[in-house]
Amino acid sequence: VACPVLGQDLIKRQLTKDDYNLWCRLETDKISENGKWVSYALRYESHLDTLFVKSTYTNAKYEFAGALNGQFASEDIFACLDLKENLHLVNLISGNSILIKRVKKFDISGNGRFLISLESNDDSTMNLAIRGKNGKLVKRIENATQYTINNSGNALLYTTAQSDNQNAGIVNLKKTISIREVILNIHSDIKSLTWSEDGSTAAFYTEDSSSTHLYYYQIASQSL
């Protein structure tokens, strides 16, 4: 005999701290340029988060367990980094995906043409990799230590280190990739890579036990 829900005595129990890990909150993440795709996340107290990408026109949906953040490249490519330092690159139209391991951070260029990632090696060194949005490697800069991309996403400032020498350079991220050296063979740590708001100037400083030097690099005149 069926009994209506309203006629049943519901069993209640006291919540415990173990239940808190089951709670989550919904957060919006990104929306693609033309609004065809949106990403959102379920965030848990246990940090076992899941990132979702859903079409706003169809029922197509992708999910990425443990992903921290995501970025769209035009309307067909989505990339995100998970807690295990795996970079997921997905073609949202075909469903094909590429997994790039040991990624410390990543960005997508402002024109959506290039995927930039800082990747670690077995010997604790790192490479700065620049790929097309299909995942094919375009340029690799070895012994990279850090980078920062400007607000427009059309250039990045990076540093490399080998032995006691540190260097800095600029990568232009337009239709093609071009690299320009900014400073070479510095025997002090290069710190605090920074761009001006309009991307016309890059700055950093060097520091050792006896002195600190501040550097400005003008993009238009290519002068330090």
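Six bridges connect strand E5 with strand E6 (residues 77–82), and the two run antiparallel. Within this pairing, Asn-69 has Leu-81 of E6 as its bridge partner. Strands, here and below, are DSSP runs of type E with at least two residues, numbered from the N terminus, and two of them pair if DSSP finds at least two bridges between them. The model is a predicted one, in which local features need pLDDT of at least 70, side-chain atom pairs count only at pLDDT 80 or more, and totals for chains, interfaces and linings use all residues. Residues are numbered from 1 along each chain as its sequence is written, and side-chain values use heavy atoms, with hydrogens and water left out.

The E5–E6 pair belongs to an open sheet of four strands, ordered E5-E6-E7-E8 with antiparallel pairing. Its edges are formed by strand E5 (67–73) and strand E8 (97–100), each of which pairs on one side only. From one strand to the next, the twist averages 15°, where axes are lines fitted to C-alpha atoms and angles run from 0 to 180 degrees between N-to-C directions.

Two residues elsewhere concern backbone geometry. Most residues other than glycine have a negative phi. Ser-163, by contrast, has a positive phi near 60°; this residue lies in the loop between strand E14 (155–162) and strand E15 (165–173). Ser-163 counts as exposed, at 74% relative accessibility. Gln-222, likewise not a glycine, has a positive phi of about 55° and is placed in the segment after strand E19 (212–218). With a relative accessible area of 41%, Gln-222 is partly exposed; buried means under 20%, exposed over 50% and partly exposed in between, using a 1.4 Å probe and protein chains only.
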